[in-house]
Protein chains: 2
Amino acid sequence: MILTVTLNTALDITYRVPSLRPHASHRVSDVTERPGGKGINVARVLAALGHEVTVTGFAGGTTGRILRDRLTEVPGVRDALVPVSGATRRTVAVVDGRSGGTTQLNEPGPTITVAEWSAFQGAYQDLLASASAVALCGSLPPGVPVGAYAGLVRTARAAGVPVLLDTSGAALRRGVAGRPDILKPNAEELAELTGFHEPLRATQDARRRGAGAVVASLGAQGLLALTPEGRWRAAPPAPLHGNPTGAGDSVVAGLLSALVEHRPWPDRLSRAAALSAATVLSPTAGEFDHPAYENLLPRITVTPEANAA
Amino acid sequence: MILTVTLNTALDITYRVPSLRPHASHRVSDVTERPGGKGINVARVLAALGHEVTVTGFAGGTTGRILRDRLTEVPGVRDALVPVSGATRRTVAVVDGRSGGTTQLNEPGPTITVAEWSAFQGAYQDLLASASAVALCGSLPPGVPVGAYAGLVRTARAAGVPVLLDTSGAALRRGVAGRPDILKPNAEELAELTGFHEPLRATQDARRRGAGAVVASLGAQGLLALTPEGRWRAAPPAPLHGNPTGAGDSVVAGLLSALVEHRPWPDRLSRAAALSAATVLSPTAGEFDHPAYENLLPRITVTPEANAA
């Protein structure tokens with residue numbers, strides 16, 4: 001199975017309003033609620049691709065209970081979340097009916113105790129024994145040490161399990177030092193990590209910091225990958241219009257699913273780019289459109305990338 | 001005891017963000033959660049004033065369970081909510097740290113079945129037997145007939161229990177026909193009900209529609225009351241700056257508490273205006289500041305109001 005780690009799981013709530021106006025009162029016309037956090041989103045895509053997935057991380061409180069209840073309804077996903085005394089955070093996405101824009105409100109998450117963090121590390125080590133790959137995804141809840149991902153990367157490497165890291169800020173800066181096999185930053189995370197805004201230069205710098213491969217997701221410009229086998233750009237045939245929510249999580253799912261199937265890098269990138277595009281095109285935020293994925297997959301262009309000047 | 005009815009109870013969530021920007025992502029720095037809906041807010045103020053209060057209405061789902069758990073922590077408030085199969089709604093108030101402005105997002109509430117509505121009407125009738133006054137507060141959840149308040153007003157009057165109505169839109173338009181003893185609209189609700197924007201004329205028109213007394217809460221201009229005993233304006237000594245959330249609910253609590261103590265109208269209005277002002281001045285939205293209330297009470301001016309031209 002593929003293991004995904006979401007230390008800061010969330011109950012994702014989506015509200016639809018005609019138009020969000022600061023300091024006004026709004027009647028929400030439509031409410032949806034689903035298990036969230038980047039690793040859980042990655043697991044949902046992996047399961048839809050036919051992979052066996054186990055999710056771990058933390059869940060607690062009433063929100064954690066709802067999240068775990070809902071997770072039982074997702075076929076192919078096994079729940080190995082570690083219980084905590086604090087309550088799992090909520091995120092609220094307010095979708096503007098007129099413009100389609102989304103305003104995001106993210107709660108910080110529960111404070112994890114030292115004992116809970118230890119319990120997680122033990123569970124993680126046990127789960128690695130049957131994992132073919134692991135994705136470490138998203139922000140760290142309060143209480144988890146900022147160097148957490150570096151430790152989790154090293155544990156995976158020691159167990160011989162390929163490990164992908166997708167996070168931001170200080171957690172990313174510290175995590176890359178653990179030498180993950182794959183780093184998946186977006187343009188903003190890459191610039192924050194390296195100080196470079198030019199994508200190729202920033203990606204090269206990120207790789208020098210310790211990642212085996214770096215796959216940067218650059219929005220409309222597709223993916224830029226620097227790997228031990230070579231460097232490529234992967235992009236859909238034409239620019240896409242839609243909701244980018246979850247597109248990065250689909251990239252992670254695409255990379256990992258192709259990795260465990262022992263596909264070469266260009267195939268991994270095609271799959272990741274096609275899934276990402278099919279997520280942007282989906283009418284439901286964070287889901288991918290299956291027919292669009294199958295239609296796009298053979299049309300992704302993967303081109304070798306020259307050295308930076 | 002005083003009975004308050006909240007057909008559309010809510011779990012009120014407050015988020016604090018530095019500044020709300022539409023279509024951006026925000027980390028919420030502070031999260032609070034408390035039982036809400038207008039009648040529950042009224043009950044909280046009545047209990048703080050030393051009255052015995054019973055709350056009824058509907059509660060269901062996980063949010064309803066949290067709401068009822070939290071209600072047990074409010075001394076002096078007895079929970080007589082009727083269970084429903086749907087989930088109690090949430091409201092999210094996003095407070096802007098910089099400007100202090102509040103952006104409100106209100107879920108619509110669960111759909112009430114015919115059987116649940118019947119069960120409530122039976123419970124309500126039973127509760128009236130030991131009630132000295134009743135307040136009918138807030139919006140109607142989906143499934144409850146739009147004429148619901150007119151029926152509940154008539155049931156209270158038939159039981160000899162003074163009844164106050166505080167709602168808006170169609171529920172107000174239909175409810176006033178039941179002839180409540182007191183109607184407590186704000187300026188906007190009054191204008192929507194009557195079509196008049198001039199407060200005195202609008203208040204006179206609202207009274208003609210069936211209310212025994214109308215107490216209009218006019219924000220910075222204080223209260224305007226048309227009653228069988230006379231007509232008055234009540235206002236604090238100087239304009240107030242603060243958060244008006246819950247000020248209207250404090251007016252309702254002030255009017256009902258003084259009513260059951262058999263105080264004359266000018267005393268009821270002083271108390272309502274002082275509580276409302278002490279709510280605006282409170283640092284916590286929807287709470288009233290006790291020392292401010294005691295300080296303001298003797299300083300409220302209640303002046304007789306002449307006839308409209």
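**Entry 1: a bridge across the chains**

I began with Arg27(A) and found that its bridge partner in strand 9 of chain B is Asn106(B). This is a predicted model, in which local features need pLDDT of at least 70, side-chain atom pairs count only at pLDDT 80 or more, and totals for chains, interfaces and linings use all residues. Residues are numbered from 1 along each chain as its sequence is written, while chains are lettered from A and ligands numbered from 1 in the order in which they are written.

I then looked at the strands around that bridge. Strand 3 of chain A pairs with strand 9 (residues 102–106) of chain B in the parallel sense, over three bridges. For my own reference, two strands pair if DSSP finds at least two bridges between them. Helices (H or I, at least four residues) and strands (E, at least two) are DSSP runs numbered from the N terminus.

I traced an open sheet of five strands in the order 3(A)-9(B)-8(B)-2(B)-4(B), with mixed pairing. Its edge strands are strand 3 (25–27) of chain A and strand 4 (30–36) of chain B, each pairing on one side only. The twist averages 15 degrees from one strand to the next.

I also looked at what packs on it. Helix 2 (residues 61–71) of chain B lies across strand 2 (10–17), strand 4 and strand 8 (89–96) of chain B, and runs at about 85 degrees to strand 4 of chain B. Axes here are lines fitted to C-alpha atoms, for helices over the stretch in contact, and angles run from 0 to 180 degrees between N-to-C directions. Contact is judged by C-beta atoms, placed from the backbone, lying within 7 Å.

I noted Tyr15(A) standing opposite Val31(A) in strand 4 of chain A.

**Entry 2: how the chains relate**

I superposed chain B on chain A: a rotation of 180 degrees with 0.1 Å of shift along its axis does it, with an RMSD of 0.0 Å. That is the relation of a two-fold axis. The same surface serves both copies, since 96% of the contact residues of chain B recur in chain A.

The contact takes 24 residues from chain B and 23 residues from chain A. On the side of chain B that touches chain A, strand 2, strand 3 (25–27), helix 2, strand 8 and strand 9 of chain B are the elements giving two or more residues. Strand 9 of chain B gives the most, with five residues. I sorted that side of chain B into twelve nonpolar, nine polar and three charged residues. Ala, Val, Leu, Ile, Met, Phe, Trp, Tyr, Cys and Pro count as nonpolar, Asp, Glu, Lys and Arg as charged, and the others, Gly among them, as polar.

The predictor gives the complex an ipTM of 0.81 and a pTM of 0.84.

**Entry 3: burial in chain B**

Helix 1 (residues 38–48) of chain B has ten of its eleven residues buried, so it is largely enclosed by the rest of the structure. Among them are Ile40(B), Val42(B) and Leu46(B). Buried means 20 or more other C-beta atoms within 10 Å of a residue's own, exposed means 12 or fewer, and partly exposed is in between, with C-beta atoms placed from the backbone. After this helix comes Gly50(B), with a positive phi near 95 degrees.

Ala285(B) sits in the loop between helix 9 (265–281) and helix 10 (290–296) of chain B. I count it as partly exposed, because 19 other C-beta atoms lie within 10 Å. Leaving aside neighbours within four places in sequence, Ala285(B) contacts Thr14(B), Ala93(B), Asn243(B), Thr245(B) and Gly246(B).

Technical notes
Contact = placed C-beta atoms within 7 Å. Least-squares fit on C-alpha atoms with pLDDT ≥ 70 in both.
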